[in-house]
Amino acid sequence: MDFDLGEDANRLRGELRTLIDEHVPEEFLGAFTDDPADLAVAQQFCRTLAQRQLLCMSWPREFGGGEASVWEQTVVREEMWAHHEPRGAQYMGVNWVGPIIMRYGTEEQQRQHLPPIANGEVIWCQGFSEPEAGSDLASLRTSARRVDDGWRINGQKIWTSYATMAQWCFLLARTSRGEKKQQGLTIFLVPMDDPAITVRPIRTMMGPHHLNEVFFDDLKVTDDSGASVLGTVDDGWKIVQDVVSFERVGIARYARCERLLQAAPDVLGHSWDELPAELRGRWARMLTHCRRARLMAYRVVAMQASGRVNPGDSAAYRIAVTRLDQESAEVLMEIAAALPRGPDARNEYFRAEVEDHWRYSQASTVSSGSIEMQRILLSRTMFAGAVR
């Protein structure tokens, strides 16, 4: 299978790798570590990309983009994730918040929110999951009650990534009751500096900043405050479906898996041939699975480029790439264990990369929708297609 996207894409990969070499420290493992300097690196790198119109390449120029093809934006996703996502939390705004606001937002909302994302100046968080409404998102209890000059929002969200540093929240709340629980949901764009919002970090093995509880205590939402309804009141589930389709393909997890797998023989050197044949066989199988996940991602990208979003294809990709994440992490951990201990900086960094990959992989089958829910969504899509 030839995954070559052409000369322009290859030049772009070279440019991105040069920028990473020049602006990202050699031992960078992501923006959300205990060292605040790592977040500062990511914020500055976003501005560097934005200055070159590389942050939101495929966006229209009127919103700060470069009007590049979705395939060039895919190259950006792959190179960023392969190198531990030096954009930090900006990928959320770039990959789906911005495109969703383009699709459903008013002109005023687009003018307010899109330029800061394109300039790498704002971080968004996603207020979806709740303590009793994670995979079954439509069962959420956070409510928005209409008042004379807007809305009053009360409720709790959980597992909210980057809430401690975000300036805005893409919030889903219930505004009415319908025959189906998917009816009566509405998206709100909410500033996180409102005193009615409380954020409590949840410490996990993935490190600080990632997961949080967020409480909304009589939060007042009015257009005058900068917060507003996105799209049509009570029709937010339609937006949610588009969000998850963009979100699930927006992170090119296969790219980091493949880079680490490809690096393993070179890092081990002569020790590579001493590994058990069974382990090297699993290593080769993981590389094959990387190609499979990439092909599935490209299928979804091609559909999005033509204006179609198929939840079933997004779910199938999500299943493949999250399984790849976990299975490749197990293989890489066994390979890294064979590295000789000692003052070899390259070996120690590779070991740290693999351990970081393993930690992230443990949550991959539950984040952005559990793998069980992805299988249900895929089966429903296939059943609906068979009935037609």
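Arginine 291 and glutamate 258 form a salt bridge in which the closest N and O atoms are 3.3 Å apart; a salt bridge here is a side-chain nitrogen of Lys or Arg within 4 Å of a carboxyl oxygen of Asp or Glu. Arginine 291 belongs to helix 8 (residues 277–305) and glutamate 258 to helix 7 (residues 253–268), so the pair ties together parts that are 33 residues apart in sequence. Helices (H or I, at least four residues) and strands (E, at least two) are DSSP runs, numbered from the N terminus. Buried means under 20% relative accessible area, exposed means over 50%, and partly exposed lies in between (1.4 Å probe, protein chains only).

The model is predicted: local features need pLDDT of at least 70, side-chain atom pairs count only at pLDDT 80 or more, and totals for chains, interfaces and linings use all residues. Residues are numbered from 1 along each chain as its sequence is written, and side-chain values use heavy atoms, with hydrogens and water left out.

The chain as a whole has eleven helices and eight strands. Of its 388 residues, 53% are buried. Among contacts between residues at least 6 apart in sequence, 73% join residues at least 24 apart, where contact means heavy atoms within 4.5 Å. The chain exposes about 17700 Å², of which carbon and sulfur atoms supply 49%; accessible areas come from the Shrake-Rupley method with a 1.4 Å probe, and for residues only the protein chains shown count as cover.

The structure holds 27 salt bridges. One of them joins aspartate 34 to arginine 203, with the closest N and O atoms 3.5 Å apart. Aspartate 34 lies in the loop between helix 1 and helix 2, and arginine 203 in the loop between strand 6 (197–202) and strand 7 (211–221), so this pair ties together parts that are 169 residues apart in sequence. Both aspartate 34 and arginine 203 are exposed.

A further salt bridge links arginine 323 and glutamate 327, whose closest N and O atoms are 3.2 Å apart. Both residues lie in helix 9 (residues 311–337), four residues apart, which is about one turn of the helix. Arginine 323 is partly exposed, with a relative accessible area of 42%, and glutamate 327 is partly exposed at 28%. Elsewhere, salt bridges that share partners join Arg13, Arg17, Glu78, Glu79, Glu258, Arg291 and Arg294 into one network.

Glutamate 22 lies in helix 1 (residues 7–23) and counts as exposed at 56% relative accessibility. Together with Asp21, Glu26 and Glu27, Glu22 forms a negative surface patch. Patches are made of residues with over 30% relative accessible area and no salt bridge; like charges are joined within 9 Å, and nonpolar side chains (Val, Leu, Ile, Met, Phe, Trp, Tyr) within 5 Å. Lys and Arg count as positive and Asp and Glu as negative, while His and the chain ends are not counted. The place of a charge is taken as NZ of Lys, CZ of Arg, CG of Asp or CD of Glu. Threonine 48, found in helix 2 (residues 36–51), is buried, with a relative accessible area of 4%. Leaving aside neighbours within four places in sequence, threonine 48 is in contact with Leu19 and His23.

Helix 5 (residues 107–118) contains glutamine 110, which is buried at a relative accessible area of 12%. Not counting residues up to four places away in sequence, glutamine 110 touches Phe63, Ile101, Met102, Gly105 and Pro115. Proline 116 also lies in helix 5, but is partly exposed, with a relative accessible area of 23%. With the same exclusion of residues up to four places away, proline 116 touches Glu121 and Val122. Proline 116 and glycine 93 are 23 residues apart in sequence and 9.6 Å apart in space, C-alpha to C-alpha.

Valine 240 is found in helix 6 (residues 236–250) and counts as buried at 3% relative accessibility. Beyond neighbours within four places in sequence, valine 240 is in contact with Phe128, Leu137, Leu172 and Ile187. Valine 240 and alanine 138 are 102 residues apart in sequence, with a C-alpha to C-alpha distance of 9.8 Å.
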